[in-house]
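Trainee: Could you take me through this model step by step, giving the general idea before the particular case?

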Amino acid sequence: MKEHLNASGRVIKAPENFLTPSDVKTVFVEGKQGRRDFIRRAFTAASTVTAAGVAAVSAPSAWAQGNPIPSEGGDPHILNLPEHATGLGQGVATDGYGKPSKFETNLQRRQSPGLTQTTQASVSFAPLQSLFGIVTPSGLHFERHHQGWWDIDPSKHRFMINGMVKSAKVLTMDEIMRLPSVSRFHFIECGANTAVDWGNVAVPTVQYTHGMLSCSEFTGVPLITLLELAGADLKNGKFVLAEGGDGSSMTRTIPMSLITSGEVLVAYGQNGEMLRPENGYPLRLVVPGVQGVSWVKYLRRVEVGDQPYAAKDEAIHYIDLQPNGLHRQYASIQECKSVVTTPSGGQVLLDKGFYNITGLAWSGKGKIKRVDVSTDGGRNWRQARLETPVLSKALSRFNLDWIWDGKPAIIQSRAQDETGYVQPMYKQLRDVRGTRSIYHNNAIQSWLVQENGEVKNVQVS
Amino acid sequence: MFKFPKIALTLTLCLTSLTVFSQSTKYPGVGRDATAKEVAAWDIDVRPDFKGLPAGSGSVAKGQDVWEAKCAQCHGIFGESNEVFSPLIGGTTAQDIKTGRVANLTRADFPGRTTIMKVATVSTLWDYINRAMPWTNPKTLTTEEVYAVTGFLLNLAGIVPDDFVLSNKNMAEVQKRMPNRNGMTTAHAMWPGKEFGNASKPDTQNVICMKDCVPEPKVASFLPDFARNSHGNLSEQNRTVGQQKGADTTRAEGSSTKSNATSNGSTTADATATATAAASAAAAKPAESKSDNKAVLALLSKNVCTTCHGIDKKIVGPGFNEIAKKYPGKVDYLAGKIKAGGAGVWGAIPMPAQNISETDSKIIANWLATGAPK
C-alpha cells in the first residue's frame, strides 16, 4: 500500500474496484458510524484484488483518476482496450441539441436552502467552482426572478420607446434584429451577490457565496440607436426608465450618460444563440458594469425622462443600508471584485504537491489590471497570471502556480481595475458600510485549506 | 378623469420641443409611431413627483376588504407576516413621521426591515402595487383598489387615519408624512453617471501591498459543524474529474486526520478512500420510484401552492398532511376547493380562487385524497 502512495504523484488514489457494490454500501453504513477499522481492512485487502488483475466492472468515475505505478503488468485501462476503442460509436445528430456528458451532472445551478420561501421570487446560483475560462454556459447562468420566468413568443413581443421623444415608437423583434448589432462579453452580477457573508460566514461554497455572477457574449442593438430612431431629447432626458413585460414588470432607472456612451444594449443574443427564457427571452437590457437588476428581462418599454423614477426595486429593494440609518439609493456599479474558484469551499485537495490556483476577477468600471494571490491569509502576496482575453466589464480568469506543503493555508485573491481601485478587505468595507448593507459586498474572500485537504469558507481578522 | 397626466404630458412636450431632438432617419422602414392607446396601456409608471399617477381615489375601509381578499394570504392580516415575503408594516413610530427618518434603522439589533421602514416615496408604494400585485395575478387591481390598498397600508402604519380616502389630490400631502422620507442618500460613488452630482471617489482605499501586509491572520468566522451538510452533499456539487473533489458532507469531517496526521500521507489516503467510497455509494443508491409524487410536487410548486401550504406543516394555510388526514378519498370535494378557494375551515385567512386547470386540480386532489405522500 505504501508504495502506491509514494509513487502515485499528485493524488493518492484507491486501487480500482477494491470494493464490490455491496461492500460499498457497507462502507457507507459503517463509515457513518465511524467504524474506520473496516475501511482500513478493506483497503489492505484491495491490494491483493488489484494484483490479481480483477477486471473493471464499472469503475466509479471518482476512482478512475487513480494513477499508481502498477505492481504487475500495467494499468488495466491501458492493457484492456475499452469498448469505445473497439466498437462503433453513435451517429450524427443523435441529439439535435447536444448536452453535456453524463459524467458532468454535478454541475447544476442551485438554490441556497432557506434563502427564499418561493421558487418564483428566488435565486439560483451558478456553479463557479467547476467552470473554466470566462464564459458561463447559458444553461448554468444564474437566475433571479421576482415573479417567475416565462417563455415568450417572440412574434408577439413588442418594444416601445416613449417619454421625452419626438415620436413614441413601437418595434417588433423582426425590426430590432434588422438594426446594426454588436456582440460584447460582459459579466452580470446581482447586487446582492455575497450578501449572506456581510456579517459572517453563512454558506459553504463559492457557488453560494459568489454564484449570482455570470458572463456571456451578448448580441444586440445599442440602446442609443433606438433612442435616436425615436428622436429622444438627449440633453434634457437625463434618465431612462427600462420596463419588463412580465408580471413583475421590473423597472429601473438608467443614466443617459451610460446610454450615450453606446455601452447599453437591447440584447437578444447570448453566447451565439438567443437569450435563454430564464434570462429574458426574447429581449433584455444589458447595462455593463451595473448590477443585474438593471438588466431588465422581457424588456417591453423604455421611457426617456428628466428625473429618476424611484421604482420598487430602487426605493424598497436594492437600497444599501449604512450604519447611520440612511439608505444609499441608486447604488448600481459593481465595484472591482475577485474570487478564487479552486481551491474553494467544499473542495478537497487529495494530496500535497502542485496545484493551479484559479479564479475570476471583474470590475464594473472597466478592465482588470492585476490580480494578486495570498496563501497565508493576506500577509504576503504573489501576482497571478491574467489569462486572455481581458475585456472591459467582463470576467477575467487568473491562474497561479502553487505547491501545497500540506500545512493549513488561507487563500485569498485581490483584484485591481484600470481605475487603480483595489478590492477592499472586509475590515475596510465594514468600517465604511457596516454589515447591514445587503448589497455590494466586494470584499476579499478567504478559503482555508486544512491539513486534511478540505477547504472551508472562512473570514479572517 | 385623466387630466393630470395629460397636462403633464403636454407640458413636457412643450418644454422639450424647445430643445434639440435628434431623430435618426438612418433606418427607414424600421419601427412605427406608437398610438396614444398603446402608450396609455403600457406607460403605467408613477414617478416621485406623481407624473403618471392616474386620477382616482380609494378608502382605507375599501382597502381593508381588498386586502383580506387578495393580499392577506401572503402578507398577513396586518401586513406583518414573515411567512412568504418580508413584512410590510411595523418598526415605525409617530416620531418618525415627524422627523422623516426611521429611528430603528440606526439600530444594529433591530430585527429585520419592513417595507414601510425603508420606502421614502409614497409613489413607489402605489406603483409597486399597481404593476406587480397581487403577486400571482399582477396588474389585475382596479385604480380604485390600488388607491384603497395603498391607503390601508398607510393606515396600518399610522400615517393616515381610519376614515381616510387616498386620492391623486392628497398624495403629495401624504408624502410629507412618510416615516423614512428623508432616509435616502445619493452621496456615493456607485451611480454610473453624474446626474446626481454624487461622489466620484470610492469609499474604500485598499492599496497593493506584497510583503508582511497584515499581522498573522486568525480565523474569525467559519461555518459551524452542524451546518456542514446544510447545502446538500458538496461532493455531488463538484466535477468528479479534476484537481480537486467535493467534500462528502454527509459524513463528519476528516475524522481521520484531526488526531494523527502523519507525514507519509496514509491517513489522507484512508480519508480519501472513505470519502470516495461513500460518495459512490450515495450515487449508486437506486433512485426510489417516486416519479408520480415528484410530478405532483412540481405541480404544487408551479401553481405556488407551496407558498401557503407546507408538505407537512402549516404555513399560511394548513399543511398538505393535515388536509390529507381530514379528507381521505374526497377527490371531488378537494378538486372543487382547490379551484374555488374557501374561508373559515382552517382559520381566518381565506384561500383565494386559483387559476388552475381542471386536470391539474384533479391530480393534486387525488394526491391529497390518497394521503399526500412525499
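Trainee: How many residues of domain 1 of chain B are in contact with domain 2 of chain B?

Mentor: There are 9 residues of domain 1 of chain B in contact with 9 residues of domain 2 of chain B. On the side of domain 1 that touches domain 2, the residues comprise 5 nonpolar, 2 polar and 2 charged.

Trainee: Which stretches of chain B have a pLDDT under 50?

Mentor: The general idea is that where pLDDT is low, the predicted coordinates should not be read in detail. Chain B averages a pLDDT of 83, and 83% of its residues score at least 70, yet the pLDDT is below 50 over residues 1-18 of chain B, a stretch that has 14 contacts in the model beyond near neighbours in sequence. Residues 255-289 of chain B also have a pLDDT that stays under 50, and for them the model has 69 contacts beyond four places in sequence. For the complex, the predictor gives an ipTM of 0.84 and a pTM of 0.80.

Trainee: Which residues of helix H13 of chain B are buried?

Mentor: A residue counts as buried if 20 or more other C-beta atoms lie within 10 Å of its own, and as exposed if 12 or fewer do. In helix H13 of chain B, residues 331-340, the buried residues are Leu334(B), Ala335(B), Lys337(B) and Ile338(B); because they cover an arc of only 160 degrees around the axis, they lie on the same side of H13(B). These buried residues pack against helix H14 (358-369) of chain B, whereas the face of H13(B) turned away from the buried side carries the exposed residues Asp332(B) and Ala340(B). After H13(B) comes Gly341(B), with a positive phi near 75 degrees.

Trainee: Is Thr99(B) exposed or only partly exposed, and why?

Mentor: Thr99(B), found in helix H4 (residues 94-99) of chain B, is partly exposed because 14 other C-beta atoms lie within 10 Å. Thr99(B) and Asn180(B), although 81 residues apart in sequence, are 8.2 Å apart in space, C-alpha to C-alpha.

Note on methods. Residues are numbered from 1 along each chain as its sequence is written. Chains are lettered from A and ligands numbered from 1 in the order in which they are written. This is a predicted model: local features need pLDDT of at least 70, side-chain atom pairs count only at pLDDT 80 or more; totals for chains, interfaces and linings use all residues. Two residues are in contact if their C-beta atoms, placed from the backbone, lie within 7 Å. Ala, Val, Leu, Ile, Met, Phe, Trp, Tyr, Cys and Pro count as nonpolar, Asp, Glu, Lys and Arg as charged, and the others, Gly among them, as polar. pLDDT is the predictor's confidence in each residue, from 0 to 100. Helices (H or I, at least four residues) and strands (E, at least two) are DSSP runs, numbered from the N terminus. The arc is that of the directions from the helix axis to the C-beta atoms.
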